[in-house]
Amino acid sequence: MVKRLATAVLALVLLAAAGWYGWQLGPWADAATGEYGVPVDFASLERKASPNQYLVAPDGVTPRAKPDAESPVFSMPPDRLRDAFLAVVAEAPRTTLLNRSADGLHLTLVQRTALLRFPDYIDVWIQPTPGGNGDGSTIAIYSRSRFGYSDLGVNRKRVEDWMAALESKAASR
């Protein structure tokens, strides 16, 4: 009798865990969350205390959030930088474009971990360089994990890898 009860309780716990996993981590969850999967307003962005995030931004774009690194200036117009960035993202595994502004310069993406499919959300804002004549642009990227406190540097590595690939693609164009 006790063995049957323990088996039933274990089955219920496993079913509940599987249900939570499916509800929280399924692709439908990206659009159903309040703060994840929707475009970030970089001007009012406030970072959380957890280290599971990484921000690259030009000076002055995020007045309420200190960037981890400053974004470089690219010698190409914003639409060409966007196309180069989308080419970089197309090569990234398990990455999906969730939102794109009308001009295509503000993007929201999700990249999921290989094994458990945990989502990391990435917001990108491509903009012309201030005071420029339209031939230069820069980029702000904010990558953060939805679950957990630490990400063991995954968001930082992603953004740094994408920036290196973007600089390489921009140099070859």
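The questions and answers below look at charged pairs and aromatic rings in a predicted model.

In this model, local features need pLDDT of at least 70 and side-chain atom pairs count only at pLDDT 80 or more, while totals for chains, interfaces and linings use all residues. Residues are numbered from 1 along each chain as its sequence is written, and side-chain values use heavy atoms, with hydrogens and water left out.

Q: How many salt bridges does the structure hold?
A: Side chains of opposite charge can pair when their charged atoms come close. A salt bridge is counted where a side-chain nitrogen of Lys or Arg lies within 4 Å of a carboxyl oxygen of Asp or Glu. By this rule, the number of salt bridges in the structure is eight.

Q: Which parts of the chain does the salt bridge of aspartate 120 and arginine 158 tie together?
A: The closest N and O atoms of aspartate 120 and arginine 158 are 2.8 Å apart. Helices (H or I, at least four residues) and strands (E, at least two) are DSSP runs, numbered from the N terminus.

Q: Is aspartate 120 buried or exposed?
A: Buried means under 20% relative accessible area, exposed means over 50%, and partly exposed lies in between, with a 1.4 Å probe and protein chains only. The relative accessibility of aspartate 120 is 6%, so this residue counts as buried.

Q: In which helix do arginine 156 and glutamate 160 both lie?
A: The side chains of arginine 156 and glutamate 160 meet in a salt bridge, at 2.8 Å from N to O. Arginine 156 is partly exposed at 47% relative accessibility, and glutamate 160 is partly exposed at 36%. The two residues are four residues apart, about one turn of the helix, and both lie in helix α4.

Q: Are the rings of phenylalanine 42 and tryptophan 125 stacked or edge-to-face?
A: Rings of Phe, Tyr and Trp (its six-membered ring) pair if their centres lie within 6.5 Å, and planes under 30 degrees apart count as stacked, over 60 as edge-to-face and the rest as tilted. The centres of phenylalanine 42 and tryptophan 125 are 6.1 Å apart and their planes stand at 20°, so the pair is stacked.

Q: What is the angle between the ring planes of phenylalanine 85 and tryptophan 162?
A: Both phenylalanine 85 and tryptophan 162 are buried. Their ring centres are 5.8 Å apart, and the pair is edge-to-face because the planes stand at 75°.
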